[in-house]
Number of protein chains: 4
Amino acid sequence: MSETKKNAVKRIGVLTSGGDAPGMNAAVRSVVRAAVYRGIEVVGIRRGWNGLINGDIVRLDERSVAHIIDRGGTILYTARSEEFRTEEGQKKAVSTCKLLGLDGIVAIGGDGTFRGALALSKYGISVVGLPGTIDNDIACTDYCIGFDTAANTAIECIDKLRDTMQSHERCSVVEVMGRNAGHLALYVGLAVGATAVLVPESKESFDTEIIEKIRNARLNGFTHYMVVVAEGAGSAFDVANRIRDEIALDPRVTVLGHVQRGGSPTARDRVMATRMGYRAVEILAAGSTNRIVGVHQGKIFDIDIDEALSMNKGLDMEEWAVLEAMTGL
Amino acid sequence: MSETKKNAVKRIGVLTSGGDAPGMNAAVRSVVRAAVYRGIEVVGIRRGWNGLINGDIVRLDERSVAHIIDRGGTILYTARSEEFRTEEGQKKAVSTCKLLGLDGIVAIGGDGTFRGALALSKYGISVVGLPGTIDNDIACTDYCIGFDTAANTAIECIDKLRDTMQSHERCSVVEVMGRNAGHLALYVGLAVGATAVLVPESKESFDTEIIEKIRNARLNGFTHYMVVVAEGAGSAFDVANRIRDEIALDPRVTVLGHVQRGGSPTARDRVMATRMGYRAVEILAAGSTNRIVGVHQGKIFDIDIDEALSMNKGLDMEEWAVLEAMTGL
Amino acid sequence: MSETKKNAVKRIGVLTSGGDAPGMNAAVRSVVRAAVYRGIEVVGIRRGWNGLINGDIVRLDERSVAHIIDRGGTILYTARSEEFRTEEGQKKAVSTCKLLGLDGIVAIGGDGTFRGALALSKYGISVVGLPGTIDNDIACTDYCIGFDTAANTAIECIDKLRDTMQSHERCSVVEVMGRNAGHLALYVGLAVGATAVLVPESKESFDTEIIEKIRNARLNGFTHYMVVVAEGAGSAFDVANRIRDEIALDPRVTVLGHVQRGGSPTARDRVMATRMGYRAVEILAAGSTNRIVGVHQGKIFDIDIDEALSMNKGLDMEEWAVLEAMTGL
Amino acid sequence: MSETKKNAVKRIGVLTSGGDAPGMNAAVRSVVRAAVYRGIEVVGIRRGWNGLINGDIVRLDERSVAHIIDRGGTILYTARSEEFRTEEGQKKAVSTCKLLGLDGIVAIGGDGTFRGALALSKYGISVVGLPGTIDNDIACTDYCIGFDTAANTAIECIDKLRDTMQSHERCSVVEVMGRNAGHLALYVGLAVGATAVLVPESKESFDTEIIEKIRNARLNGFTHYMVVVAEGAGSAFDVANRIRDEIALDPRVTVLGHVQRGGSPTARDRVMATRMGYRAVEILAAGSTNRIVGVHQGKIFDIDIDEALSMNKGLDMEEWAVLEAMTGL
């Protein structure tokens, strides 16, 4: 019977939803190519779940996805959809699936996207989710598409900042993205050799994490300081003000902002997106549904959506311990 | 007699002052190597004019400047000096010159730096200024060291921004540096294919420069817009608010900030800095003084400091005409 | 009467021919936007002169050239055409112009492209040429579209090479492009702080330009050496062998190759291409023909094709003098 | 007693040996900072094992390793040592360790470096190895420092190459590094969306891996082709010749060469190097020896040197299956 279902997979849809991330195009390309490789047709759905509601679609073949592996953003556009949260919206989406004869949907995005996929699956549509967010805050997977590119964009910017901070012997406070989590700030802080890093998970310890670290750096002979702040830990301007008040430095603030969400994806994001896209098609072709593809213990794996959405993710404690030893020196 | 003076040039100083700019290290290297090539010794003065006041110096030879041509910032550090504006400060600086036997000073920076050089020259010290500022706002020269690197950093960031703005079909407002002038914003606006550009020189015409341009772009079928704002024309947040009020878009703001001041210099900045540094030494070796080195009609030239400081510089009108034709489409 | 002719300009063609160069897309975009701005239609001709012979065309409007300002290569493709050198080929091209009602052609490329344009003009077709080649070897202009990007690509590669050469204390010989001229090698050699540079214009002085420079660098305490060779000065492998034979070093050879011809154009190439494209349309709209657009004394200018093709261009002697002082230290 | 030994660790040495890799400086920095954090002194040994033989050393503290986390190459220089393969050489190295009072050595490099460490350990010196090679061919670890940077350098170059290959509708054959293994070529091939990839592990199937893939791409409507060849699979020139002979294309060859070994390390290489360096000090501080640090199942781990050296590593079969589906389309 699973065999029967397997044969039934003739045409699938692919969409990107929520905040965009570099590598989403590589994932779309991989879904299309992996599908074509198995003789499955692909329909691109534009502007996330809204596109499924409104029938905003485009046929995709191997040519349509040529030369997008190296492009940031998403050729399918993306959006958040209020309408899709309603039963009415979902029913419209299901009608579009039926009209187009879609045997399954690959949805690329974050937790919100996956909750959408779960809703759709209740109507009998097969769904697979791929994790795409620079915040790397999806609990079920060690890695999310876009994280590596965002980290490299951030370190390139901060390396430039350091040039000028060093020349002027100043303190710099840089705010990086990450929503409510400190994954990006921790990783970036390690990579730039930050003097101090403030993440939401540790923001209570401002004095030990920030003030003491800067103080130690000064005692060790340094005359400029790089402080990395996760957006979830508070505004870089507030952090700069506290530093000004407490230790009389005059920090310069930089908010890296949406720059971190764009750019040609790194090798890692392209390869991860390609491997995940391939797995998504493999799952649908095998007649499975309700899966999130991710990385666990260094390997591509997949997990049930319900289970995935119930998980929690903390900072990598080994990385945090290393950071503790590296900062303030 | 000029010949006599020529022979007198045995040792010169070099310093960077004011805001740093990528390519300052390439200029320092060039001064050192051109001097060594002519058998002249070089003393590096650290932290701008303060270093000359305090005797904060370092001997420089061809080895000291190895592998700095590709580094942002300035190995000599930089600062603004209040003390050097006083007669007392200037006299201390002159004493340092005499103690060290400096026959001339090469000062790399902007107009403030040149005014400092002029003050010093009144005490009989030979001085040459090199224009180093990403703002490109020094009147006597078509080109300032650092401008090209800053422009390329800005366009790389804005190209990334466009990825995400396009995916989300949004309006982006980006603030670039430039102090009171629009040179950088105009150049960057041309280079990124901006929808609209606001510079201090045109900020009165907000509606024609910004609102009408966005409107035309929408009428031509575009669904995302890139607005470049020079810091001298007002805050990007204010511009975004006006756009929100007047045409009901919801722009995202990015302030590129100090990132534009760092980074490995581009080929153009390295070559320009090298050519200018060489010329500075040539001038001092020839027994001349009170000159600013610059670029005019595509060639390296030099000009009297007094004359240089009395000049004014407007936007390049040919570039502006081109921008008018390119935007809003 | 010139007014009459002016009104006659309703539709123009644009093509890229010969070797591609980064910034060609920015030039195509500028031609299209400047034309649209003046109410002139544009036809893209693909694959150079062959496209004009075969009617390989595509209509271009402001939307067609969106988001190409930052792309390397040319969306119009390029090729060399044997057939266009024949009278028969040229007549076919003229027929296509007449069929399409083209009042003028903008041809982007090098000297070969301009000779093609000149041939076409004999049949009464208005033509304007834009200089696009990374070799910067077009005599009538100080600057060719693509040169700056190629130079920056080369210095980024050579900066990386230096990391490993320095770690291993080795001699590196790098071959850069430039056809028969040393413009790119001289510029890149200055920008990377090369130990020595070999260009076609100086290749007879191998011992003074290369061997003595390396020797001096060793005497000055350096233990790794970066030698930049222009392709027109001979193979990097031969240069490495001569170094091995004469001074018993064991150089590593890198041929940068076609990498230098691609990549997102730099700010300078985008701005130059945009300004030149605008001027090309201005010329055609004014009823002029047989012009090459270029840069002279820092300004965009244009010159008669015949005159342009009869000019010669040597190395910039001021840059060469600077290089002499900077190398071998 | 292990406690006793722990207390005995007062001073350690660190060296880089064999081919350099981006991230080696980050590893050196991490070893130094992690040691300082634990109150352990660090001595830098220059030029690999030769430095231990000759006493070519430099004291390292937190200041000495400032601002090297973002630098390619290795500040400690590197070399291969013939003398260290002899008993006499090893005894000299042991004498140096005793003279300096080194309680352990961290050696960063590849298998050859680890065999050297093993030899030294026979004389009672504690040793820990860190895997640093862009080839990623060390069997005991999933990841080697430098691989990610090399991969990103390669894809940036190949992205540029594609611009020009696409404009000219040509076939490109690019040779990437990797010594005897195809890890880098496979990863890069996936990331650039290669038409075909040739690795040592599959080079017997030239016709199916290369010829058929190009043929399929042509049948699918593509007119340019990107072939990635691992250096271990044969020369790119030979591959180009076979393509020319068998299917009458005229490929352009690029050998990326040593450029892949340099450059500022990526975020991943900096973080991996930092985590591994920290672990190396942890191991020595705990009184352990003869360990190689690596990554297994996504985590930092360590393994006995003997065991590590006896392992074999093949290509990642899951990645290879994905590549099969992605190429030739």
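1. **A buried pair in chain C.** C:Arg261 and C:Asp20 form a salt bridge, with their closest N and O atoms 3.1 Å apart. C:Arg261 lies in the loop between β9 (252-255) and α10 (267-285) of chain C, and C:Asp20 in the loop between β1 and α2 of chain C, so the pair ties together parts that are 241 residues apart in sequence. Both C:Arg261 and C:Asp20 are buried. A salt bridge here is a side-chain nitrogen of Lys or Arg within 4 Å of a carboxyl oxygen of Asp or Glu. Buried means under 20% relative accessible area, exposed means over 50%, and partly exposed lies in between (1.4 Å probe, protein chains only).

2. **Ground rules.** This is a predicted model, in which local features need pLDDT of at least 70 and side-chain atom pairs count only at pLDDT 80 or more, while totals for chains, interfaces and linings use all residues. Residues are numbered from 1 along each chain as its sequence is written, chains are lettered from A and ligands numbered from 1 in the order in which they are written, and side-chain values use heavy atoms, with hydrogens and water left out.

3. **The sheet in chain C.** Seven strands make an open sheet with mixed pairing, in the order β3-β2-β1-β4-β5-β10-β11 (chain C). Its edge strands are β3 (57-60) and β11 (299-304) of chain C, each pairing on one side only. From one strand to the next, the twist averages 25°. Helices (H or I, at least four residues) and strands (E, at least two) are DSSP runs, numbered from the N terminus. Two strands pair if DSSP finds at least two bridges between them.

4. **One end of that sheet.** Strand β10 (residues 291-296) of chain C pairs with β11(C) in the antiparallel sense, over six bridges. Within this pairing, C:Arg291 stands opposite C:Asp304 in β11(C).

5. **A helix on the sheet.** Helix α2 (residues 24-37) of chain C packs on the sheet. The helix touches β1 (11-16), β2 (41-45), β3, β4 (104-109) and β5 (127-131) of chain C. Its direction makes about 175° with that of β1(C). Axes are lines fitted to C-alpha atoms, for helices over the stretch in contact, and angles run from 0 to 180 degrees between N-to-C directions. Contact means heavy atoms within 4.5 Å.

6. **Other salt bridges.** Over all chains, the whole structure holds 92 salt bridges. In one of them, the side chains of A:Arg291 and A:Asp302 meet at 2.7 Å, N to O. A:Arg291 is in strand β10 (residues 291-296) of chain A and A:Asp302 in strand β11 (residues 299-304) of chain A, eleven residues apart. A:Arg291 is partly exposed at 23% relative accessible area, and A:Asp302 is partly exposed at 22%. Both belong to a salt-bridge network that also links A:Arg38, A:Arg279 and A:Glu282. In chain D, D:Arg252 forms a salt bridge with D:Asp250, the closest N and O atoms being 3.2 Å apart. D:Arg252 is partly exposed, at 23%, as is D:Asp250, at 45%.

7. **Chains A and D.** How are the two copies related? A rotation of 180° with 0.0 Å of shift along its axis superposes chain A on chain D (RMSD 0.0 Å). That is the relation of a two-fold axis. Copies are superposed by least squares on the C-alpha atoms of residues with pLDDT of at least 70 in both. Of the interface residues of chain A, 100% are also interface residues in chain D, so the copies meet through the same surface.

8. **The annotated binding site.** An unreviewed UniProt entry places the feature "binding site" at A:Arg29, A:Ser30, A:Val31, A:Val32, A:Arg33 and A:Arg162. They span 134 residues in sequence, and the farthest two C-alpha atoms are 42.2 Å apart, so they do not all gather at one spot. UniProt positions are given in the numbering used here, feature names are shortened, and annotations may be inferred rather than shown by experiment.

9. **Two of those arginines.** A:Arg29 lies in helix α2 (residues 24-37) of chain A and is buried at 2%. Leaving aside neighbours within four places in sequence, its contacts include D:Gly193 and D:Met326. A:Arg162 is in helix α6 (residues 147-168) of chain A and is buried at 7%.

10. **The annotated active site.** The UniProt annotation "active site" (unreviewed entry) covers A:Asp135. A:Asp135 sits in the loop between β5 (127-131) and α6 of chain A, and is buried with a relative accessible area of 9%. Not counting residues up to four places away in sequence, A:Asp135 touches A:Met177, A:Gly178, A:Arg179 and A:His183.
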